[in-house]
Amino acid sequence: MKQFIISSETDAIREVEERGDQTEIARFMKEEVKKQLKQFLDEAPQYFCSPSGPKLALVIDGKCLMYALEPSLRIMLLTLSLNCSSVVCCRVSPLQKAQVTSLVKKGARKITLSIGDGANDVSMIQAAHIGIGISGLEGMQAVMASDFAIAQFRFLEDLLLVHGRWSYIRLCKVVMYFFYKNLAFTLTQFWFTFGTGFSGQRFYDDWFQSLYNVIFTALPVVIVGLFDQDISSSLSKKYPELYKEGVRNMFFNRRVVAIWACFAVYQSLVFFYFVSLSSSTSRDSDGKMFGLWDVSTMAFTCVVVTVNLRLLMMCNSITRWHYISVGGSIIVWFVFIFIYSGIMTRFDRNDNMFWVIYVLMSTSYFYVTLLLVPVAALLGDFLYLGVQRWFFPYDYQIVQESHKDDADSINKPDSQETKEHLTPDEARSNEISQLPKEVSKHSGFAFDSPGYESFFATQFGKYVPPKAWDVARRASMKSKSKPK
Amino acid sequence: MTDTDRGTQRDRDSAFSLFTQQSLPACKPVLTPEWVIMTFLFIGFIFIPVGLVTLRASHSVVEIVERYDIGCVPEPFRIDKVSYIQDDSIPKNCSLSFKVPKYMKAPIYIYYQLENYYQNHRRYVKSRSDKQLLHGQNEHGISSCQPVEVNNDRPIIPCGLIAWSLFNDTFTFIRNRAELKVNRKNIAWKSDREHKFGKNVYPFNFQNGTLIGGGKLNPTIPLSDQEDLIVWMRTSALPSFRKLYGRIEKDLDVDDVVVVHLMNNYNTYSFGGKKKLVLSTTSWLGGKNDFLGLAYVFIGSSSVTIAVVFTLLHLLSPRH
């Protein structure tokens, strides 16, 4: 690691400070900072040429940062910082924290995240795109100003790699599914207009259309948005490269949208033409023919069933809530249509929906078509999914497949059998997870504090191996106190 | 120690905490090539037999379709069919005969088929009043029936374009010089007859206007027994449709010659529509329609083809 240090503690600067002339100090420091920035900026490229070269780091302190953030030097600072793997700014004021964040936000045009736990971090948290506050020892100001609040610094990894990634995937799925299901439903009516002399006659009954998005297809997509996990949380942390999928927007770009749209068009064609062509001569057992509303009820049933089954096909993880909501939506549709076509009130409009579903379900045509149409509609999607996963898999799908035989021990971290295979880190977190959870969420420790862990651990007789840096710190403290 | 362990574990695994901690037990289906192949084979395995059974059912239906709207116009009038049909003084009887191609088992259903007739046009579908059909003259405010709502300031029952355009061709069937009785009862949906058309509602002031749209109704028969009207008012979905006319309760043998005497009353000539007479038996699936069977077979066989292709690909270039 090659460190570029811009410090205000150099002898030259101290000399000028001792002289006490403010303007001269300011001018001199600015010159120094400028000189150093230029020098580092020239040095930096040589480290890029060799791929195995050391990583770069920039260390700058508050006083120098004040000059480096001036408009004339800002660009150099930004360029140099972006070339470094990490930048450490020490002894900075809250305003400077916010200024640095804004500089990166506007200059680099990337998404910035800032995390802090104290009141001095509030301006930084608000300046970044995403601000994360740590609730803890220093109070709740950071939490109140932030977009997300976590309890300890180490949860940031979970937040980004696990929940952030899942959230992106879920959002893409929910939005795409919503467009798809409405497209399939509406285009079916569209094909009907060609057969009505373009007069604008509706294919579906009014209530079907209104309740489609409210009752018959609403809940399953919410469940997917809440629970879908493409890979488990531990695997997400094991393969942080998968986070790039979100950065590159791989699941909601034009290609993905176009593919969903094509399948929606294909499915709507299947819905309309399969149902209307096959119902032109179908009849109930006594020879009576079907009318407009019978055909449209048949088509609508097929749409609801297909669209719900398509949701199951696009889930990565299916909990029992999925089964309940998908099955429930389909059952609610049948309950609704039984009630709707079973009653007649004075307020009915002139659509002849009375008794439609009972007659339909008394024909074997209904069941034969209900088996054919969803399968025909979903066949295209299924083929595409299979081919895509086989020949052009996304990274997360590769991870899924290589780990699909892992035992489902992710949900039960305390399984005794796997204890021997844990690394020391995992053993530690195992032990700690077995400590009683604190009732108060404001436990106060932003960073893992060995004191907290070992205190509570010893209370319960658990042994927590000490961390290396903690041992070193205690040793140095002992040696410092000795001369006194 | 172990007891407290188990206790905390049970707490942690409580339903609520599983929900909020995003660790619900889930099945994670991974679509491997084996699953893809198996699914396609399964679909093919189910669909091809079902398709063949369905096709067989469709082929077991015997259907006779005879177009008569051109043939029934006498030669001198073929140039201007519209004025022919609108002229009441010209007799509209017509005869056609056909041979029964296969043995037809009773009941044999008689349909009239109209083509290029947009019963699903928005203004047409709207033009009725279900309230009036059920309750009769007591209903007011039936503006949906415009322009066939009132005539000479008196309400028309049943109002609306659908009723006004009632189909009124009639057919009688003769086989071996004996008339085949056509059962014209119970041709409309039972739910319509009992709940949608009133038992105390009689046609009133119907087809009295200057423009005759279709058939007339007998004012002494209540609407719930006017089955032709009920059948006609169930608007169809597509521009080409069939409606039930009646049933023949006798069997028809092969090579029987059936003569149909029909009255060619209905005007489809103004808009280029076609009229056809259909006799058809029925199967458990309905009428003669190969579409379902063909669709099943097509999808089944394409699934099997895809499964075979994928199996070959899988064997030739297996993934690690």
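User: Why is Asn120(A) called partly exposed?

Analyst: In this predicted model, Asn120(A) has a relative accessible area of 35%; because buried means under 20% and exposed means over 50%, that value falls in between, and Asn120(A) is therefore classed as partly exposed. Asn120(A) sits in the loop that connects strand 4 (113–116) and helix 6 (122–127) of chain A.

User: What makes Lys97(A) count as buried?

Analyst: The relative accessibility of Lys97(A) is 17%, and since the cut-off for buried is under 20%, Lys97(A) is therefore counted as buried. Lys97(A) belongs to helix 5 (residues 94–108) of chain A.

User: Which residues does Lys97(A) contact, leaving aside its neighbours within four places in sequence?

Analyst: With those neighbours left aside, Lys97(A) is in contact with Val92(A), Asn120(A), Asp121(A) and Met124(A), where contact means heavy atoms within 4.5 Å.

User: How do you know that the residues of the UniProt "binding site" feature cluster in space?

Analyst: An unreviewed UniProt entry places this feature at Arg91(A), Lys97(A), Asn120(A) and Asp121(A). Although they are spread over 31 residues of sequence, their largest C-alpha distance is 12.7 Å.

User: What makes strand 2 (residues 63–67) and strand 12 of chain B a pair?

Analyst: Pairing requires at least two bridges, and 5 bridges join these antiparallel strands, so they qualify as a pair; within this arrangement, Ile64(B) stands opposite Leu279(B) of strand 12 of chain B.

Note on methods
Residues are numbered from 1 along each chain as its sequence is written. Chains are lettered from A and ligands numbered from 1 in the order in which they are written. This is a predicted model: local features need pLDDT of at least 70, side-chain atom pairs count only at pLDDT 80 or more; totals for chains, interfaces and linings use all residues. Side-chain values use heavy atoms; hydrogens and water are left out. UniProt positions are given in the numbering used here, feature names are shortened, and annotations may be inferred rather than shown by experiment. Helices (H or I, at least four residues) and strands (E, at least two) are DSSP runs, numbered from the N terminus. Buried means under 20% relative accessible area, exposed over 50%, partly exposed in between (1.4 Å probe, protein chains only).
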